[in-house]
Amino acid sequence: MKKDFNLEKRKYVLGASVVLVVMIYLIRLFMLQIMSDDYKKYADSNAFLNKTQYPSRGVIYDRNGNLLVYNQPAYDITLVMKEVKHLDTLDLCQTLNITPEYFQRRMKEIKDRRSNPGYSPYTNQIFMTQLSAEECGVFQEKLYKFPGFYIQRRTIRQYNYSSAAHVLGDIAEVSKKEIEEDDYYVRGDFIGKQGVERSYEKYLRGEKGVEILLRDARGRIQGRYMNGDLDKTPVPGKNLTLSLDINLQQLAERLLEGKIGSVVAIEPSSGEVLCMASAPTYDPRIMVGRQRGKNQLELARDLQKPLLNRSIMGQFPPGSTFKTTQGLTFLEEGIITPSTTYPCYGGFLHSGLRVGCHAHPSPLNLVPAIATSCNGFFCWGLYYMMGARKKYGSVQKAMATWRDYMVSMGFGYPLGVDLPGEKRGMIPNDQYYDKNYRGYWNGLTIISISIGQGEVTATPLQIANLGATIANRGYFITPHVVKEVEDESLDSLYTSKRYTKVRKDHYETIVEGMRAAVVGGTCRGANIPGLNVCGKTGTAQNRGKDHSAFMGFAPMDNPQIAVSVYVENGGWGATYGVPIGALIIEQYLNGSLSAESEAKAVDIQNRRIDYGIHER
C-alpha cells in the first residue's frame with residue numbers, strides 16, 4: 001500500500017518536472033522570438049542589407065543671397081560584424097592609411113554596448129567617417145577583399161567665407177547622451193554642435209531614407225528588393241537665410257584683428273542681427289573633416305579663448321552706454337524732468353564719497369549730460385531715487401523699481417537670441433544688497449551702477465539691443481540671426497514687439513542727447529555727413545586698462561541699424577568704440593566705405609593691443 005502511494009507521488013513529481021521543463025522552453029522561445037529581435041535581425045541580415053540614405057543638410061545663405069555654407073560629398077566606411085571573416089587586417093590598414101592599433105581600438109569601441117548602445121552584430125556600424133573621394137576610390141578598388149565592409153555616401157560642410165564661425169557653428173559626431181535623447185541618431189551620425197547648426201538642427205538635418213538590397217545564399221548583393229518599392233527616399237534638410245550681411249561681418253572681424261572684443265549690429269525694426277563678430281575668432285573651415293578634433297583642442301587650449309562667442313557670452317560692465325537707461329528711468333519715475341540740472345565740478349561728491357568726471361560745463365540738464373557723458377548727473381539722479389522714501393517707502397522698494405526698469409529694457413536675463421549659450425549679465429536687486437551689506441545700504445553704497453559700473457554687467461548683444469530699443473523709441477524685437485527657414489514661419493518670439501516701462505516721449509529726449517553727443521560731444525568721431533548718427537560712448541573701468549565701448553544707431557529718424565562695439569582694454573570709448581561703430585554704420589548704410597574711411601579701417605585693423613597673454 002505504501003509502495004503504491006510512493007509510485008503515485010513520483011508520478012506527479014515527474015509530471016510536474018516535465019511541465020516545468022516545457023514551460024522553461026516556451027518562455028525561452030517567447031523571449032527569443034517575440035521579446036528579442038536578434039533572430040529576426042539575423043534572418044533579415046541573411047536576406048537583406050538595409051543601407052541608410054543620408055539626406056543633404058540644408059544650406060545657409062546671408063540676407064543678400066550669398067551662399068555661406070554648403071555640402072560636399074564624403075564617404076563613410078561601415079561594416080556588419082557578423083560578415084567580417086578571413087580579414088587581411090594589414091592590407092585593410094594599409095588601404096585606409098590607418099595603424100593596426102587604430103583598427104583594434106575601433107573594433108573594440110564598436111562592440112562596446114556602453115559607448116555604442118545601438119550595437120548589433122547584424123546591422124551596419126560606422127568604422128570610419130568623412131573619407132574624401134580620392135581616399136574612397138582607393139578603398140573601392142579593393143573592397144572585394146574585405147567581406148563585411150561597405151561604403152556609405154554622405155556629405156560634409158564646406159564654407160565660402162572664413163567669417164562668422166561663432167554664428168554658423170559646426171557639426172560633429174553625436175555623443176552617447178545625444179543618441180539617448182533623440183532616437184533619430186545612431187552612432188556615427190553627425191549633429192550641430194554650435195551656432196545655428198545647433199539651434200536649427202531639426203530643420204537642417206532632414207529625414208533619413210533607406211535602400212533595401214537583396215542578398216543571395218552566399219551574402220552577395222543581388223540588387224534592390226522588390227525593385228525598390230519599399231525603399232524610403234531621404235528628405236533634404238531645409239535651407240536657412242541668415243539676417244547677417246556677410247560683407248558687414250567681414251569688416252567687423254577685420255576691425256577686431258589683434259584685439260579682444262565684439263561688434264554687434266541689429267536692424268531695429270525687425271530685430272535681425274546684421275553682424276555678430278567676436279574676437280579672437282577662427283576660420284570655420286578648420287572644423288571640418290577628421291582633423292576637427294585636433295583643431296578644436298588647439299582652439300580650446302588657446303589662452304585668448306577663440307571658441308568663446310563674446311557677443312552673447314561675454315559679460316562686461318556696460319560703462320557710460322548704460323547712462324541712457326538711467327535717464328529714461330529717472331524721467332519716467334519723475335525723479336527728473338528734461339530741464340532738471342545737477343552740478344558736476346569734477347564729479348559727484350557727497351559725504352566724502354567722490355566719483356570722478358572729466359572737464360565739461362556745469363551744472364547740466366539731461367541732454368548735455370548724455371552728450372558729455374557726465375558722471376555727476378547720473379549719480380545724483382540715482383542717489384535721489386534711492387532716497388525717495390515718500391515715493392517708495394524704503395530703499396529696497398526703490399531698488400526693486402529700478403531693477404524692473406532695467407529688466408524691461410532687456411538686461412538681467414537672456415534676451416532669447418536663436419543661438420546656444422547666451423548669458424544673462426547681472427542686474428542686482430535689493431535682496432542682493434541686503435545679503436551683501438546685511439541690510440545696511442543706501443544710494444551712496446550703490447552709486448556706481450548709475451554709470452554702468454559696480455555690480456552691473458551686460459553682454460554686447462544686450463548693449464546693441466539697447467541701441468535698437470532707443471532707436472524704436474521704446475520697444476525691441478528679440479534679436480535673431482535667422483531671417484527665414486525654408487517653408488517655415490519664424491517663432492513669434494522673433495516677430496513680436498517687447499515694450500519697456502518708459503513712454504515714447506522720454507525716449508525722444510534721450511535720442512536728442514545721443515545726437516548731441518555725435519554733433520559736439522564724446523562721439524564726434526561718428527559724425528558721418530548725411531547719416532544723422534546718434535551715439536553714446538562708454539569707458540568701462542577695469543582692473544587693468546579700461547574697456548572701450550560704443551552704442552549708437554542711424555539715421556536718427558527711421559533708423560536702419562543699431563550698433564554696439566566693445567574692445568577689452570581699448571581705453572577711452574573714443575579710441576576704438578566710436579571709430580569702429582562709425583565704420584560699421586557707414587558700410588551698411590552707404591554700401592561701402594569712402595577712401596578716407598577705408599584708410600581709417602586699415603589703421604584700426606593694424607593696431608594691436610598687448611594683453612600679456614602668451615601661449616603655453
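This is a predicted model: local features need pLDDT of at least 70, side-chain atom pairs count only at pLDDT 80 or more; totals for chains, interfaces and linings use all residues.
Side chains of opposite charge can pair when their charged atoms come close. Across the whole structure, a search finds 27 salt bridges. One of them is formed by Arg 57 and Glu 201, whose side chains meet at 2.5 Å, N to O. This pair links distant parts of the chain, for Arg 57 belongs to the loop between strand E1 (48–53) and strand E2 (60–61), while Glu 201 belongs to helix H9 (residues 201–204), 144 residues apart. Both Arg 57 and Glu 201 are buried.

A further salt bridge joins the side chains of Arg 292 and Asp 170, with an N to O distance of 2.4 Å.

The salt bridge between Lys 391 and Glu 333 has an N to O distance of 3.9 Å. Lys 391 lies in helix H16 (residues 389–392) and Glu 333 in the loop between H13 and strand E13 (347–350), so that distant parts of the chain, 58 residues apart, are linked. Lys 391 has a relative accessibility of 47% and therefore counts as partly exposed, whereas Glu 333, at 14%, is buried. Salt bridges that share partners also build a network, in which Arg 57, Arg 157, Glu 197 and Glu 201 are joined.

Rolling a probe the size of a water molecule over the atoms shows where empty space is left. The count comes to one cavity of 30 Å³ or more, and the largest cavity has a volume of about 210 Å³. Its lining consists of 15 residues, and those nearest the centre are Tyr 54, Pro 55, Arg 57, Arg 154 and Phe 190. Strand E5 (residues 149–159) contributes the most to this lining, with four residues.

Lys 323, in helix H13 (residues 323–332), is buried yet has no salt bridge. The nearest side chain of opposite charge is that of Asp 546, and it is 12 Å away. A salt bridge requires a nitrogen to oxygen distance within 4 Å. Apart from residues up to four places away in sequence, Lys 323 touches Ser 373, Cys 374, Asn 375, Phe 378, Ser 450, Ile 451 and Lys 536.

Why does Ser 278 count as buried? The reason is its relative accessibility of 3%, since buried means under 20%. Beyond its neighbours within four places in sequence, Ser 278 is in contact with His 166, Gly 261, Leu 308, Asn 309, Arg 310 and Ser 311. Ser 278 and Tyr 566 are 9.6 Å apart in space, C-alpha to C-alpha, although 288 residues apart in sequence.

The backbone remains to be considered. Most residues other than glycine have a negative phi, and most peptide bonds are trans. The peptide bond from Ala 279 to Pro 280, however, is cis, with omega near 0°, and Pro 280 is placed in the loop between E12 and helix H11 (292–301). Ala 554 and Pro 555 are also joined by a cis peptide bond, with omega about -15°. Pro 555 is in the loop between strand E19 (547–554) and strand E20 (561–567).

Positive phi values occur at Asn 97, where phi is near 60°, and at Lys 305, where phi is near 55°. Asn 97 is in the loop between helix H3 (89–96) and helix H4 (100–111), and counts as exposed because its relative accessibility is 71%. Lys 305 is in the loop between H11 and helix H12 (310–313), and is exposed, with a relative accessible area of 51%.

Conventions: Residues are numbered from 1 along each chain as its sequence is written. Side-chain values use heavy atoms; hydrogens and water are left out. Helices (H or I, at least four residues) and strands (E, at least two) are DSSP runs, numbered from the N terminus. Buried means under 20% relative accessible area, exposed over 50%, partly exposed in between (1.4 Å probe, protein chains only). Lys and Arg count as positive and Asp and Glu as negative; His and the chain ends are not counted. Contact means heavy atoms within 4.5 Å. On a 1 Å grid over the protein atoms alone, a cavity is a set of points where a 1.4 Å probe fits but cannot get out, and a pocket is an open set with protein on both sides within 12 Å along at least five of seven lines; lining residues have an atom within 4 Å of a point. Grid points are joined across faces, edges and corners, and a volume is the space filled by probe spheres set on the points.
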